[in-house]
Amino acid sequence: MKNDKMKQQYRINEQIRVREVRIVGDDGSIVVPIRQALDMAHDQEVDLVEISPNANPPVCRLIDYSKFLYQQKKRQKEMKAKQVKVEVKEIRFGPQTDEHDYQFKLKHAKEFLEEGNKVRAYVFFRGRSILFKEQGEVLLLRFANDLEEFGKVEGMPSLEGKKMFLYLTPKKAGAAKKSQQARDREAAAEADNIKRREEAAAEKEAETPASGGLFANAKISADALKKLTENED
């Protein structure tokens with residue numbers, strides 16, 4: 001069925017009713033009368049296939065029609081395989097979402113964006129909670145800021161009925177920049193690691209005997225005993 005539809009997309013041989021055509025090939029292109037083009041196809045035992053009917057003159061190829069259809073089908077399959085399917089993932093909040101729930105949804109949003117999907121986050125106001133729409137806006141703005149490394153905001157939060165929406169699109173790989181909050185967290189973590197290493201080094205140094213400690217006294221006693229033995233001899 002698909003091959004039948006594809007066959008109907010192209011005119012071949014005597015179906016091409018124009019005065020002249022441009023024939024393209026590996027060696028370039030030439031413009032010839034339609035009769036001459038049909039004779040060339042007959043001599044080469046191939047078909048005259050119209051691939052660009054809207055060009056002036058129409059563009060054709062000299063090729064076996066079955067082979068041409070196979071190439072087109074293969075090319076379409078390859079193009080379809082290369083297409084990235086982008087989905088829109090939803091993240092729902094309440095106007096008074098607690099911190100644990102917020103962090104849980106933030107984690108999922110990061111995963112969605114890293115996978116190349118869009119994120120539509122919204123706050124749902126139930127009943128009189130619409131009075132807290134400013135609180136919902138603050139929540140969405142915080143959400144956008146925390147995802148600055150992974151997604152780009154398409155616009156400010158907008159209220160539609162009882163829902164306030166925020167849309168984020170994934171950033172291209174390698175183009176994401178770290179937010180100031182992320183840089184601050186990394187700096188704090190590095191400072192904490194340095195402090196821990198310094199404390200560990202100090203503890204190790206405290207456990208090591210000083211130069212005038214037990215080992216030094218033992219060496220002095222051994223030298224004194226050796227000297228006393230020599231005197232007795």
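What are helix 4 and helix 5 to each other, oblique or roughly parallel?

A: This is a predicted model, in which local features need pLDDT of at least 70, side-chain atom pairs count only at pLDDT 80 or more, and totals for chains, interfaces and linings use all residues. Residues are numbered from 1 along each chain as its sequence is written, and side-chain values use heavy atoms, without hydrogens and water.

First, the terms for the elements. Helices (H or I, at least four residues) and strands (E, at least two) are DSSP runs, numbered from the N terminus.

Now the pair. Two packed helices are described by the angle between their axes and the distance between the axes. Here the angle between helix 4 and helix 5 is about 45°, and their axes lie 11 Å apart. Axes are lines fitted to C-alpha atoms, for helices over the stretch in contact, and angles run from 0 to 180 degrees between N-to-C directions. Under 35 degrees counts as roughly parallel, over 145 as roughly antiparallel, 65 to 115 as roughly perpendicular, and the rest as oblique. Helix 4 and helix 5 are therefore oblique to each other.

The crossing of helix 4 and helix 5 is right-handed.

Which residues of helix 5 meet helix 4? They are Leu139, Arg142, Phe143 and Asp146. From helix 4 come Glu99, Tyr102, Gln103, Lys105, Leu106, Ala109 and Lys110. Contact means heavy atoms within 4.5 Å.

Next, the core. A nonpolar core is a set of buried Ala, Val, Leu, Ile, Met, Phe, Trp, Tyr and Cys residues joined through side-chain atoms within 4.5 Å. Buried means under 20% relative accessible area, exposed over 50%, partly exposed in between (1.4 Å probe, protein chains only). The largest nonpolar core has 20 residues. Phe143 is among those with the most contacts inside it, as are Val119 and Leu140. Elements giving two or more residues to this core are strand 5 (88-93), helix 4 (99-114), strand 6 (118-124), helix 5 (133-146) and strand 9 (163-170). Helix 4 gives the largest share, five residues.

Val119 shows the links. Not counting residues up to four places away in sequence, Val119 touches residues including Ala109, Phe112, Leu113 and Phe143.

A second, separate core of ten residues includes Ile16, Ile34, Ala37 and Leu38.

How values were computed:
A crossing is left-handed if the near helix is turned anticlockwise from the far one by less than a right angle, and right-handed if clockwise.
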